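Hello, and thanks for taking a look at this one with me. Below are some numbered notes to read alongside the structure.

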Number of protein chains: 2
Amino acid sequence: MAPIMNARALFAAIPKDFPIPGETIVYDTSQKIDLETVPLNGGFLIKTLVLSIDPYMRGRMRPAEEKSYSDAFILGAPIDGYGVCVVLRSENPKVAAGKHVYGVLPHQQYTVLPSMEKLTFLENDPKLPWTVFVGVAGMPGKTAFMGWKEFSRAKKGETAFISTGAGPVGSMVIQLAKRDGLKVIASAGSDEKVKFMREIGADVAFNYKTTDTREVLAREGPIDVYWDNVGGKMLDAALEHAAINGRILECGTISGYNTGYEPVMNIHLTWAKSLTISGILVFHLEDKYDKEFYATIPQAIAAGEIKYTEEVSQGLESVGDAILRVQQGKNIAKAVVVVAEQ
Amino acid sequence: MAPIMNARALFAAIPKDFPIPGETIVYDTSQKIDLETVPLNGGFLIKTLVLSIDPYMRGRMRPAEEKSYSDAFILGAPIDGYGVCVVLRSENPKVAAGKHVYGVLPHQQYTVLPSMEKLTFLENDPKLPWTVFVGVAGMPGKTAFMGWKEFSRAKKGETAFISTGAGPVGSMVIQLAKRDGLKVIASAGSDEKVKFMREIGADVAFNYKTTDTREVLAREGPIDVYWDNVGGKMLDAALEHAAINGRILECGTISGYNTGYEPVMNIHLTWAKSLTISGILVFHLEDKYDKEFYATIPQAIAAGEIKYTEEVSQGLESVGDAILRVQQGKNIAKAVVVVAEQ
């Protein structure tokens, strides 16, 4: 069989503020691969099916010398991120062709992987598309599930506030909080997102661009648990309206990824109200909760007990646009790129 | 017996920034009391022996309508704060004359108290002056002991950083951290304080006014536990040099009490490094730890195993000056006012 194209999404330049499709992330078709003869060296060849586009990826578009919790993308190389793939050929007896695998994958059509380290086999459930396994049943869903379990100390009858409540993390948190019997306040940046948050159970849902967050929290609070994906002024408002012994779960700071972090003015309220702020990184919690997550969440999604939305774009050529939309908050649902159907 | 003077320290005006002795806190000698005939109404008459001057008191010098974790001082009335007193007369069978009592007392020489609610009897230890029971064996010592026990999750070999390490809270934390086998970095605002921090065991002690905090932390860190009494830029530096899974104990924000809170820019590092920030209010922890505290700490102080310093001023007329010195950080040790020797 002749070599075929192995399309890629390359990290081509460090963005100044927002990433620019075609400049910072470039679609590349220059590479070819022979699927039958490419050497596996004891590993296995995979075909990428779906790739996840997530807010945290902006943090990886930085100079390699700036250290952070995740590695910087390498200039000139494909970016990488959570995805699902299928095994085409294997020299590893534990990794059979036809198996589906979840984990961090390069943004390219075909890849030879050396081992299953940090990767997970997925069970095929005819009721669940593979895209689900990078969203509500993947890293974002895990972040919500594991962060909530580990840090919320939620009690029935308490009040939770969740920012970016229409996103894949926030929407899962809304549903977990409702399952635990909490009153849920949720914010997002469009009326369409507000409608979705109501549909999945939020008792109070509002558009923070047209409604004053402090007024809502003053009326509906105080807040026992705040799930923060925003930072800055949103975090300050939540601190101001936090209840005594409130818990704040720090999951992300989308307000600051592209234009610099906003100051936070109310940290003194942590001691004035005996608050706890817990930072969440899902890969520090997976060892503890992965088994419980895969044993319960995919089937709850398949049964329709946990709802989700996704915004699917087609092909690696759509990666740059999808990344920008997520950074701008223009996506209306979990952003996923489908690279191949099967 | 004729009525005698009952001197008081009154809250006379809300300070704009730093409190002004004689203006915001006024010494008053207009009141008289007859110790033999003053009606007790089932309560007891006490004589104030020592009063504590603490940083948090600035927060109480605010308009009554501004809510906070502690009540505002009442304009025209004596301020109140932690103190030790002796019972002179009693109509309560459980409160014998001659007993010593610890708790929040009005800043006046004599007071009729209705009950022992929120007050604690103290055992007389000839090796310990009463001043100790408002310092290292009082609220500041309890704050350090209970906050450290509840939130530090300290492990032998870890590194702790303690700001305001020469104060009554910070100096106790230094000693607790050394007892637990940690390397201790400590900061304060004068060379005299730095010397004291070294004497009580700090491995690295520095004057933050003449030494760059970030440089010290870059060299001596990363920081597993940061005890914050300062906030603002000091907290940002600690967040920057925090270790993965670091714990930050928020105890106070002296940088902001008089001139407004400084912005904090690095809160996103909580999720980037899986940090926890725990706010400490001692009166939420006393039920859990009071017994252990009084059973161990006073005797450790008497045995010289826990060291402390204090800066004693005489009489209620010194309260205004003492409060200002503490807010300015000019006190070189725990500030205490002795109202009567016995």
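1. Let us begin with a charged pair in chain B. B:E240 and B:R214 form a salt bridge, and their closest N and O atoms are 2.7 Å apart. The pair links distant parts of the chain, since B:E240 sits in helix α5 (residues 232-240) of chain B and B:R214 in helix α4 of chain B, 26 residues apart. B:E240 counts as partly exposed because its relative accessibility is 35%. B:R214 is also partly exposed, with a relative accessible area of 33%. Please keep in mind throughout that this is a predicted model.

2. Helix α4 takes part in another such link. B:K183 forms a salt bridge with B:E220, with 2.8 Å between the closest N and O atoms. B:K183 belongs to strand β11 (residues 183-188) of chain B and B:E220 to helix α4 (residues 213-220) of chain B, so this pair ties together parts that are 37 residues apart in sequence. How do the two partners stand in terms of exposure, buried or partly exposed? B:K183 has 28% relative accessibility and therefore counts as partly exposed. B:E220, at 18% relative accessibility, counts as buried, because the cut-off for that class is under 20%.

3. The side chains of A:E199 and A:K195 meet in a salt bridge, at 3.2 Å from N to O. Why are these two separated by about one helical turn? The reason is that A:E199 and A:K195 are four residues apart in helix α3 (residues 191-199) of chain A. Both A:E199 and A:K195 are exposed.

4. Salt bridges can also join into networks, and one such network in chain A links A:K142, A:E286 and A:D290. Over all chains, the structure holds 34 salt bridges. As background, side chains of opposite charge can pair when their charged atoms come close.

5. Now to the place where the chains meet. How many residues does each chain bring to the contact? Chain A gives 28 residues and chain B gives 28 residues. Together the two chains bury about 2,400 Å², and 63% of that lies on carbon and sulfur atoms. On the chain B side, B:Y261, B:I267 and B:W271 lose the most area to chain A, together 28% of what that side buries.

6. What kinds of contact cross this interface? Between chain B and chain A there are eight residue pairs in polar contact, both residues at pLDDT 80 or more. The elements of chain B that give two or more residues to the side touching chain A are β14 (242-250), α6 (269-272) and β15 (276-279). Of these, β15(B) gives the most, with four residues. The residues on that side of chain B divide into 16 nonpolar, 10 polar and two charged.

7. Strand β15 deserves a look in both chains. Strand β15 (residues 276-279) of chain A and β15(B) pair in the antiparallel sense over three bridges. Within β15(B), B:S278 stands opposite A:T276.

8. Next, a strand inside chain B. Six of the six residues of strand β13 (residues 223-228) of chain B are buried, so this strand is largely enclosed by the rest of the structure. Strand β10 (residues 159-162) of chain B pairs with β13(B) in the parallel sense over three bridges, and B:F161 stands opposite B:Y226 in β13(B). β13(B) also pairs with β14(B), in the parallel sense over five bridges. There, B:Y226 stands opposite B:I248 in β14(B).

9. A:T48 lies in strand β5 (residues 44-53) of chain A, and A:T48 counts as buried because its relative accessibility is 1%. A polar atom of the A:T48 side chain lies 2.7 Å from the backbone oxygen of A:Q108. Leaving aside residues up to four places away in sequence, A:T48 touches A:V84, A:C85, A:P106, A:Q108, A:Q109, A:V339 and A:A340.

10. The other residue is A:V104, in strand β7 (residues 100-106) of chain A. A:V104 has a relative accessible area of 40% and is therefore partly exposed. Again leaving aside residues up to four places away in sequence, A:V104 touches A:D80, A:G81, A:Y82 and A:L119.

Technical notes. Residues are numbered from 1 along each chain as its sequence is written. Chains are lettered from A and ligands numbered from 1 in the order in which they are written. This is a predicted model: local features need pLDDT of at least 70, side-chain atom pairs count only at pLDDT 80 or more; totals for chains, interfaces and linings use all residues. Side-chain values use heavy atoms; hydrogens and water are left out. Contact means heavy atoms within 4.5 Å. Buried area is the accessible area (1.4 Å probe) that two parts lose on being put together, summed over both. A polar contact is a pair of N or O atoms within 3.5 Å; within protein, one must be able to donate a hydrogen and the other to accept it, and residues adjacent in sequence count only if both atoms are side-chain atoms. Ala, Val, Leu, Ile, Met, Phe, Trp, Tyr, Cys and Pro count as nonpolar, Asp, Glu, Lys and Arg as charged, and the others, Gly among them, as polar. Two strands pair if DSSP finds at least two bridges between them. Buried means under 20% relative accessible area, exposed over 50%, partly exposed in between (1.4 Å probe, protein chains only). A salt bridge is a side-chain nitrogen of Lys or Arg within 4 Å of a carboxyl oxygen of Asp or Glu.
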